[in-house]
Amino acid sequence: MKLIDLHCHMLPGVDDGAKDQKMALKLARVAVEQGISHLLLTPHHMDSHYMNHKQDVIEKTAVFQSILESEKISLKVFPGQEVHLTGDLLDAVLEGDILFMDANNRYLLLEFPHNEVPEYAENMVFELTSRGITPVIAHPERNLGFQKDPDKLYDFVKMGCLTQLTSSSYMGVFGKKVQDLTDKIIKANLGFVFASDAHNFEGRRFMMREAFERLAEREGSDVAEQFNLNAKNILNGEDVNVDDIKLVSDVKKKRFFGLF
Ligand SMILES: [Fe+2]
C-alpha cells in the first residue's frame, strides 16, 4: 500500500521543520522508504510564530518538487498549510490567503491551540462548514482540551469536522496516555487519517509504516486501507464517510463491561 501523508513540515526553511534543503531531502528519502508516495507540505500558518502565505508556499513547493525530481526522489508533493485556529481565521479564508488540503478548497487542516479547545471554536467551525469547508482537526489526541474531555471530539465530528491522528502518537512516542487516547478515538470511529507531522529527526519522525501495521493488526486491514483511502479522498477533495461515531467515553465503558 502506497501511503499518503497529509501533514508534514518538510518544506525547507519556512518553520520549525526541515531547516534547510539538505535536511528536507533527507526527510524526503525517509518518507519514500516509509512507503509514502504523496505528501502534503503543511508549514505552520497564523500561529504565534509563523506566517506562510498561500502564494509563497505554492511557489516554494514547485521549486522543491523540481529539486526532488532532479535528485530522483519519487515523491509527489502538494502545497498546504497547517492553519492555526484564531479569531482571524474566517477573514483569512474570505481574503483567499488560505491553502486547503485539496485543489477544490474543501478540506482545511486546522490546528487548535495546544492548551485548550477555545470557546469560539464551535462558532468558527459553524462559519466554515456553512461555507462548504470541512475542517480536519490536526492531532486532537495531543490537544490538552480534548485530552481533558475527549467527548468534545464527538461534538466536533457531529458538527462536520474530520480528524487527523498522528502516526507517532499511535506508536507511543508522546507517551502511554496519548497512545491510549489515540486508540480510543479510533475505536469510537472518530479518527479518519494518519499523518506524520514530521519535523526533523529528533523525535518527530514519520512512523507511518509502523502505524499502519499496528492499525491493521489491531483493527483489521480493511480499517487501515480505509484510513489511506480517506487521505486520498481528502487530497482529491472527495467525500469521506463518517459512520457509526461513538462517544470516546463509551469506548471505555464497553471495555470495562468486557472484563466481567
Ligand atoms: Fe504540524
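Reply: Let's take helix α10, which has 15 residues and reaches 21 Å from its first C-alpha to its last, close to the 21 Å expected at 1.5 Å a residue. Please keep in mind that this is a predicted model.

Which residues of α10 are buried? They are Ala224, Phe227, Asn228, Asn230, Ala231, Asn233, Ile234 and Leu235. Just past the end of the helix, Gly237 adopts a positive phi of about 70°.

Now for a neighbour. Two packed helices are described by the angle between their axes and the distance between the axes. Here α10, covering residues 221-235, packs with α9, covering residues 208-219, at an angle of about 140°, and their axes are 6 Å apart. On the α9 side, the contact involves Phe212, Leu215, Ala216 and Glu219. These meet Ser221, Asp222, Val223, Ala224, Phe227 and Asn228 in α10. By type, the residues of this contact are six nonpolar, two polar and two charged. Ala224, Phe227 and Asn228 of α10, which take part in this contact, are also among the buried residues of the helix.

Stepping back, the chain holds 11 helices and nine strands. Of its 260 residues, 54% are buried. The C-alpha trace spans about 60 × 40 × 30 Å along its principal axes.

Definitions and conventions. Residues are numbered from 1 along each chain as its sequence is written. This is a predicted model: local features need pLDDT of at least 70, side-chain atom pairs count only at pLDDT 80 or more; totals for chains, interfaces and linings use all residues. Side-chain values use heavy atoms; hydrogens and water are left out. Axes are lines fitted to C-alpha atoms, for helices over the stretch in contact, and angles run from 0 to 180 degrees between N-to-C directions. Helices (H or I, at least four residues) and strands (E, at least two) are DSSP runs, numbered from the N terminus. Contact means heavy atoms within 4.5 Å. Ala, Val, Leu, Ile, Met, Phe, Trp, Tyr, Cys and Pro count as nonpolar, Asp, Glu, Lys and Arg as charged, and the others, Gly among them, as polar. The expected span of a helix is 1.5 Å times one less than its number of residues. Buried means under 20% relative accessible area, exposed over 50%, partly exposed in between (1.4 Å probe, protein chains only).
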